[in-house]
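Hi everyone, thanks for coming. Please have a look at the structure on the screen, and I'll walk you through how its parts pack together.

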Amino acid sequence: TVQTTLAALTPEQLLNHAPRDAVTGALSVLFVYVGAVPGLLRSFLEMSLRDDEIAAIRRDLDAQTRHRLAQVIAVSTSRSDVPDPEAMALVLHACAVECAFAAAGVHGHVPMSPERIRATLTLAVTRALCADGPAR
C-alpha cells in the first residue's frame with residue numbers, strides 16, 4: 001500500500017546508509033510498489049483525470065509523499081547542496097514516479113529495461129542530492 005511505501009521512507013531509516021545506498025533503497029521501494037500494481041495505478045491515474053474526488057485523493061497522496069521526501073532531504077543534505085528541500089522533493093518526486101511508471105509500463109511499453117531506468121534515475125538523484133556523489 002501507499003502507507004507501507006511511505007513508512008519505508010523515513011529519515012531514521014535512510015540516514016544510517018551512504019547517500020547512494022539510501023537513494024537506491026528508496027527507489028527500490030517505489031519501483032517494487034509500482035511494478036506490483038501497474039494496472040491499478042493506470043486505472044487510478046485515469047480516474048483522477050475524470051473524477052474530482054479521486055483527483056483530490058491523488059493530490060493528497062502526492063502531497064504526503066512530497067512532504068515525507070522533503071523531510072528526508074532536509075535532514076540528510078546541507079543547505080549548500082540543496083537550498084530548498086521542498087522544491088527538490090517536488091522535482092525528484094515527479095521524476096521518480098514517472099520513471100517508475102515507465103519502467104512498469106503504466107503508460108505503455110518503453111523500449112528500455114526497468115533496470116536501466118532505475119540505475120540512471122539512481123545516478124541522477126544521487127547527483128542532485130550529494131555534492132560528493134558520483135563524478136559529474
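**How the helices pack**

A crossing is left-handed if the near helix is turned anticlockwise from the far one by less than a right angle, and right-handed if clockwise. Before going on, please note that this is a predicted model, in which local features need pLDDT of at least 70 and side-chain atom pairs count only at pLDDT 80 or more, while totals for chains, interfaces and linings use all residues. Residues are numbered from 1 along each chain as its sequence is written, and side-chain values use heavy atoms, with hydrogens and water left out.

Back to our pair. Helix 4 (residues 38-50) packs against helix 5 at an angle of about 120°, and their axes are 6 Å apart. Axes here are lines fitted to C-alpha atoms, for helices over the stretch in contact, and angles run from 0 to 180 degrees between N-to-C directions. Helix 4 and helix 5 are therefore oblique to each other; angles under 35 degrees count as roughly parallel, over 145 as roughly antiparallel, 65 to 115 as roughly perpendicular and the rest as oblique. On the helix 4 side, the contact (heavy atoms within 4.5 Å) is made by F44, L45, M47, S48 and R50, and on the helix 5 side by D52, I54, A55, I57, R58 and L61.

What does S48 touch, beyond its neighbours within four places in sequence? The list is I54, A55 and R58. The side chain of S48 also makes a polar contact with the side chain of R58, at 3.2 Å. A polar contact is a pair of N or O atoms within 3.5 Å; within protein, one must be able to donate a hydrogen and the other to accept it, and residues adjacent in sequence count only if both atoms are side-chain atoms. Is S48 buried or exposed? S48 is buried, with a relative accessible area of 7%. Buried means under 20% relative accessible area, exposed over 50%, and partly exposed in between (1.4 Å probe, protein chains only).

Now step back to the whole chain. There are 7 helices and 0 strands, where helices (H or I, at least four residues) and strands (E, at least two) are DSSP runs, numbered from the N terminus. Buried residues make up 32% of the 136 residues.

Next along is helix 5 (residues 52-76) with helix 6 (residues 85-104): their axes come within 8 Å and cross at roughly 125°. Helix 5 passes helix 6 in a right-handed crossing. Among the residues making that contact are L69 and I73 of helix 5 and M88 and L92 of helix 6.

Our last pair is helix 6 and helix 7 (residues 114-129), packed at an angle of about 170° with axes 9 Å apart. That makes helix 6 roughly antiparallel to helix 7. Including C95, A96 and C99 of helix 6 and L121 of helix 7, the contact has 13 nonpolar, no polar and no charged residues. In this count, Ala, Val, Leu, Ile, Met, Phe, Trp, Tyr, Cys and Pro are nonpolar, Asp, Glu, Lys and Arg are charged, and the others, Gly among them, are polar.

Let's finish on L121. L121 counts as buried at 3% relative accessibility. Not counting residues up to four places away in sequence, L121 touches L27, F31, C95, A96 and C99. The C-alpha atoms of L121 and V23 are separated by 9.4 Å, though these residues lie 98 apart along the chain.
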